[in-house]
Amino acid sequence: MNFHLDADQTAFQQEVVDFIEQGLPDGWEREHESFAEALRIERQIMTRLAAKHWLALPWPKEFGGLGASPMQQLIFNEQMAYHGVPGTMNMGVAWVGPVVMLYGRDDQKAQYLSRIADGSDLWCTLYSEPGAGSDLAAMQTRAVRDGDDYIINGQKIWTSFGHYADWGWLAVRTDPDVPKHKGLSTFAIKMDTPGITIRPLVNMAGTHEFNEIFFEDVRVPAANLVGEENRGWYNVAVGLDFERSSIGATSNSRRMVDDLVTYLRTEKPRIDNAVKHRLVDEAIGVALLRNMAYYIASRQEKTGIAPTREAQMAKLFGAELQQRIAATALQVFGMEGQAHRPVSRAASYRYGLLRSVANTIEGGTSEIQRSVIATRGLGLPRE
């Protein structure tokens, strides 16, 4: 791989940086007084990204995207994540759009895709259940055909941002009498449909990102079925083909290390040499992870196929690296890192340590990742 960007890639990177510095709403980087204010700013950012066809960057131009290459996607995501710009991770872009493009009817493409690409509709994914997390195919939420509708009953959990999503991307069981991978279907469902109850799940970091969603005799039109009935597993399996490099996690980690180094140079706190050595180790880890991300994008650009083994490795390494960096940071700040009030410089690292636990669970637990790498990536026996 070439470790240097070419002229076009460098120009695009500068365009993204210029947009971050000059094209975002005033005060976007400040702490917001309320959730409503934060959401308002985020939607403004999405609208401005959509105007440049950057919100759905990897989508084909006819659907509102830019048809970006894997390297363009990496450059965009790296800069947005490093500068902490909200509104760039959109589940409608990531998961819903690719499935609708592949398996949706023409009327579904017209109804859903343009409103995702222009930021009008936000989507959540309704996959995980209390008894079906990593084993997603074990889901039991049922959809039963009733005339022109399906009736949904069951429960979903860990639904990120379901409390403000306009639409839900719902995977349910439509045939309980076949092997578990074969009886699933996927639907688009309005989140204000009667019978849907949304209850908050506050995580250990004290923030409300997740929700549990209950379905009680919820009617969804049969026209909202995307793809063939009982072939929803293939829809679910359409992963993040547009960006598998984990560059977002890499950039978050790199920013944490850079900010820590700046703090140490300017404030010169007295810390143990062992902590400094750990910080050096984390900086080396960030450089390694960034090279992995660039390799994945470069390989995908040349072959058209995402290197799955390396992508799994990057996800696993990146999630655990974030935990280690946050833990090292709190050792730098000492007792200040344990205080919740008043808010201090250590607050973001304390939050990062608590939140990073979820990074090793969501999107595939570290245990599952290791098994996938061992068996599918390295060809090792299961026992």
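**Strand pairing, helix faces and aromatic pairs**

Q: Which residue of E8 stands opposite Thr-186?
A: In this predicted model, Thr-186 faces Val-226 of strand E8.

Q: What makes E5 and E8 a pair of strands, and in which sense do they run?
A: Two strands pair if at least two bridges are found between them. E5 and E8 have two bridges, in the antiparallel sense, so they meet the requirement of at least two.

Q: How many bridges join E4 to E5?
A: Seven bridges join these antiparallel strands. Among the residues involved is Gly-168, whose bridge partner in E5 is Ile-189.

Q: What makes E5 a mostly covered strand?
A: Six of the seven residues of E5 are buried, where buried stands for a relative accessible area under 20%.

Q: Why are the buried residues of H5 said to line one face of the helix?
A: The residues concerned are Gln-108, Tyr-112, Leu-113, Ile-116 and Ala-117. Viewed down the axis of H5, the buried residues fall within an arc of 120 degrees, and therefore they line one face. In an α-helix there are 3.6 residues a turn, so residues three or four places apart point the same way.

Q: Which elements do the buried residues of H5 pack against?
A: They pack against helices H2 (35-51) and H4 (91-103), and against strands E1 (123-126), E4 (167-173), E5 (184-190) and E8 (225-226).

Q: How many aromatic pairs does a search of the whole structure find?
A: The search finds 13 aromatic pairs.

Q: Why is the pair of Trp-123 and Trp-169 called edge-to-face?
A: The planes of Trp-123 and Trp-169 are 65 degrees apart and the centres 6.5 Å apart. Planes over 60 degrees apart count as edge-to-face, and centres within 6.5 Å count as a pair, so the name applies to Trp-123 and Trp-169. The pair links distant parts of the chain, with Trp-123 in strand E1 and Trp-169 in strand E4, 46 residues apart.

Q: Why do Trp-123 and Trp-169 count as buried?
A: The cut-off is under 20% relative accessible area. Trp-123 has 5% and Trp-169 has 0%, so both residues count as buried.

Q: What makes the pair of Trp-158 and Phe-210 edge-to-face?
A: The angle between the planes of Trp-158 and Phe-210 is 80 degrees, with 5.9 Å centre to centre; the angle needed is over 60 degrees. Trp-158 lies in the loop between strand E3 (149-156) and E4, whereas Phe-210 belongs to strand E7 (residues 208-221), 52 residues apart. With a relative accessible area of 10%, Phe-210 is buried.

Q: What makes Arg-199 a charge that lies over the face of Phe-214?
A: Arg-199 is 4.6 Å from the ring centre and lies over the face of Phe-214; the distance required is within 6 Å. In the pairing of strands, Arg-199 stands opposite Glu-212 in E7.

Q: How many bridges pair strand E6 (residues 196-202) with E7?
A: Seven bridges pair them in the antiparallel sense. The hairpin of E6 and E7 has five residues between the strands, and there Gly-206 takes a positive phi near 85 degrees.

Definitions and conventions: Residues are numbered from 1 along each chain as its sequence is written. This is a predicted model: local features need pLDDT of at least 70, side-chain atom pairs count only at pLDDT 80 or more; totals for chains, interfaces and linings use all residues. Side-chain values use heavy atoms; hydrogens and water are left out. Buried means under 20% relative accessible area, exposed over 50%, partly exposed in between (1.4 Å probe, protein chains only). Helices (H or I, at least four residues) and strands (E, at least two) are DSSP runs, numbered from the N terminus. The arc is that of the directions from the helix axis to the C-beta atoms. Contact means heavy atoms within 4.5 Å. Rings of Phe, Tyr and Trp (its six-membered ring) pair if their centres lie within 6.5 Å; planes under 30 degrees apart count as stacked, over 60 as edge-to-face and the rest as tilted. A charge sits over a ring if NZ of Lys or CZ of Arg is within 6 Å of the ring centre and within 35 degrees of the ring normal.
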